[in-house]
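Please find below a short note for a colleague who is meeting this structure for the first time.

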Amino acid sequence: MSALLSLSRVARATLKTLKKVAPACSRVMSSTAGSQISQDQVMMSHSPLQMFKRYHDKSVLVSGQGPVMDIAKSIGFTRVITIEMLREAFPLLDMMDHDRKPILSPSIPIELPTIEAIILFCEPVQWETHLQLIIDVLLTGGNPERNPRQFPNPHIPVVACNTDLMWVAEGKSPRFGHGVFVLCLEEIYKKITGNDLKYELLLGKPSEITYHYAECLIKAQAAGRGWEKPIHRLYAIGDNLMTDIYGANLYNRCLEEESSTKGSLVHVKVAAGRPTATVCQDEDLNVMAGGLAQSSATSCKSVLVCTGVYNPCKDDIKGHQDLTGPVFHGHRDFSFDADLCDPDYIVPNIDAAVELIYKLENYVPS
């Protein structure tokens, strides 16, 4: 059997508009698609964090926009601090915007626990505030009230939930995504400390963790419908070569590697300047692999649509040779491999992608 991972422009734009809240997404996507889409069929870039329980009882600082407190609690976090809460506790730290610059600290100090980890959900509003306060937390070991004599090394854990450099909205050209925000954070941290910012986890496309989690959600959907045959083929539809297509092809490579390393989740790390498949020994990933079960899929086919970040002239969708370009837009921890940017199929839009998959699978919708 086969299944489809839809990463279409419509879905992406809907998720952005609704600030990444799954229940609301399911309602609007149901209306857009003309078919009922349940909450458990909607996966967000932060969804796999439900499996990483080691962080759930830590005091975490969350960055993003929308109801980030509610989102964090909905996926298991119990001690959540927002940037707004941190700014209220330490108002003299946020000095960039002169119109918001405070005069005095609050007369009654607001006590916050020491921050033990940082979770970056999505691109925030007022980047300068988020960048400043996150750097403060990193440089002080989780307590911005301190004035440390030296920078902590290693710094407290950082998790980034999506690293898309760009995405498509109503503008004529793609807009900045969360990948630009984390790029700024990385460069500021390195400029100040001389060290690279290290991530405990990178989630969202093109991380293979995200695709594995999506596969397991699909398997759960199939089981709920009483389908007994295992799902062997996945199809991932997307408009961004550097995330959607790269991630699908990376996961396809992981599935091939997994066949020779049964019982372990394959994790891609950067080694010697290129992505290398290795068996991950990380405690949380082992828990995740056990919780989600081993992959039954043997392949993940990538389908590129021409209505988003990749949007060529209408008559120029014939070949793959000119699609990758010389510049890699992916995150620095995913070294560039041009082969992973080459889609298995190119179609004009999401409708054509679904029709193609029906044809490939000899499926006639009822």
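1. Which residue stands opposite L202 in β8? The model is a predicted one, and in it the residue facing L202 is A160. The strands concerned are β5, which covers residues 158–160, and β8; they pair in the parallel sense over two bridges.

2. This pair belongs to an open sheet of five strands, whose order is β3-β2-β4-β5-β8 and whose pairing is parallel. The edges are held by β3 (79–82) and β8 (201–202). Each of these two has a single partner strand, so one side of each is left without a neighbour in the sheet.

3. For the chain as a whole, the secondary structure amounts to 10 helices and 13 strands. The chain has 366 residues, and 49% of them count as buried. Among contacts with a separation of 6 or more, 71% are made by residues 24 or more positions apart. The accessible surface is about 18,200 Å², and carbon and sulfur atoms contribute 52% of that surface.

4. How many disulfides does a search of the whole structure find? The search returns zero. C122 is accordingly in no disulfide, and the nearest cysteine sulfur, which belongs to C161, is 9.0 Å away.

5. Two cysteines may be described by their accessibility. The relative accessible area of C122 is 4%, so this residue is buried. For C300 the value is 0%, and C300 is therefore buried as well.

6. Helix α10 spans residues 350–360, and its buried residues include A353, L356 and I357. Viewed down the axis of α10, the buried residues fall within an arc of 95 degrees, so they line one face of the helix. On the other side of α10, the residues D351, E355 and K359 are exposed.

7. Just after α10, N362 adopts a positive phi of about 55 degrees.

Methods:
Residues numbered from 1 in each chain as written. Predicted model: local features only at pLDDT ≥ 70, side-chain atom pairs only at ≥ 80, totals over all residues. Heavy atoms only, no water. Buried < 20%, exposed > 50% of the residue type's maximum accessible area, 1.4 Å probe, protein only. Helix = DSSP H or I, 4+ residues; strand = E, 2+ residues; numbered from the N terminus. Arc of directions from axis to C-beta. Pairing = 2+ DSSP bridges. Contact = heavy atoms within 4.5 Å. Areas by Shrake-Rupley, 256 points an atom, 1.4 Å probe, with all protein chains shown as cover. Disulfide = S-S within 2.5 Å.
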